[in-house]
Amino acid sequence: MVLSGNDKTNVKNVFTKIGGHAEDYGTETLERMFTTYPQTKTYFPHFDLTHGSAQVKAHGKKVAGALVEAANHIDDIAGALSKLSDLHAQKLRVDPVNFKLLGHCFLVVVAIHHPTLLTPEVHASLDKFMCAVGNVLTAKYR
Amino acid sequence: MVHWSAEEKQLITSVWSKVNVEECGAEALARLLIVYPWTQRFFDNFGNLSSPTAIVGNPKVRAHGKKVLTSFGEAIKNLDNLKATYAKLSELHCEKLHVDPENFRLLGDILIIVLAAHFTKDFSPACQATWQKLVGVVAHALAYKYH
């Protein structure tokens, strides 16, 4: 799976439009993921996961930051997220299936806040991008 | 048997009552074929699927999308009896249509995104969770008779 020129343009455009809301969207993505897929909470036993949690907010900000970084270096996502990739492989070891769940919830959040932005073509590009990010983060697992 | 709380049933019916089945079905199926192009393998006889524009405008896609979502409506009327409701459809998808059940999950997720774009802020986390559960059990019921 390769990101075409159009995909890259679409993704960069989405993140430009998201702008300063990225952190809030990161938080909302996590909240939706925890609510919809309770098994994802098992990676956060040390967190307060109630609505409005400061820890979830801080973590949402981190996740959003990584996505923005990947979009800003979309020609070399593996390079941009190399350290995060190491972290996930060596320390966090989040099962690969969960990146799809996060990616799906992020798309839902974008759909909610920017429904007209998410045309079928942009939807496809963003879905591919989230897959690419997930692949990079799990690339060094074994 | 799946248990549905009163709140979940309410979230399902209140959303469904506002859904335009024809539009929503057409959009969901079109997006499935665009976002996951390998799903086009089941629709060789649909004519022009060569671009997102062609897919969105394709009358067979629209018609089939409406058919699929209308069937979904049947599930909603029979939440306590899904496996029986979908028994024949399940056999059909296995024996005649040869559809990998993974495709039901893909379509379910696409439907969630279409609903999210339509309902925006009203599509709360609780609403999304309930509908994810629904598309999950529908997919399961459709796969149940596979052999």
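Colleague: Is Thr29(A) buried or exposed, and why?

Modeller: Buried means under 20% relative accessible area, exposed over 50%, and partly exposed in between (1.4 Å probe, protein chains only). Thr29(A) has 2% relative accessibility, so Thr29(A) counts as buried. This is a predicted model: local features need pLDDT of at least 70, side-chain atom pairs count only at pLDDT 80 or more, and totals for chains, interfaces and linings use all residues. Residues are numbered from 1 along each chain as its sequence is written, and side-chain values use heavy atoms, with hydrogens and water left out.

Colleague: Where does Thr29(A) lie, and which residues is Thr29(A) in contact with, leaving aside neighbours within four places in sequence?

Modeller: Helices are DSSP runs (H or I, at least four residues), numbered from the N terminus. Thr29(A) belongs to helix 2 of chain A. Contact means heavy atoms within 4.5 Å. With neighbours within four places in sequence set aside, Thr29(A) is in contact with Leu102(A), Cys105(A), Phe106(A) and Val109(A).

Colleague: How many residues are in contact between chain A and chain B?

Modeller: On chain A there are 20, in contact with 21 residues of chain B. Buried area is the accessible area (1.4 Å probe) that two parts lose on being put together, summed over both. For chain A and chain B that is about 1,700 Å², with 65% of it on carbon and sulfur atoms. Helix 2 (22-36), helix 6 (97-113) and helix 7 (120-138) of chain A each supply at least two residues of the side of chain A that touches chain B. Helix 6 of chain A gives the most, with seven residues.

Technical notes
Chains lettered and ligands numbered in written order.
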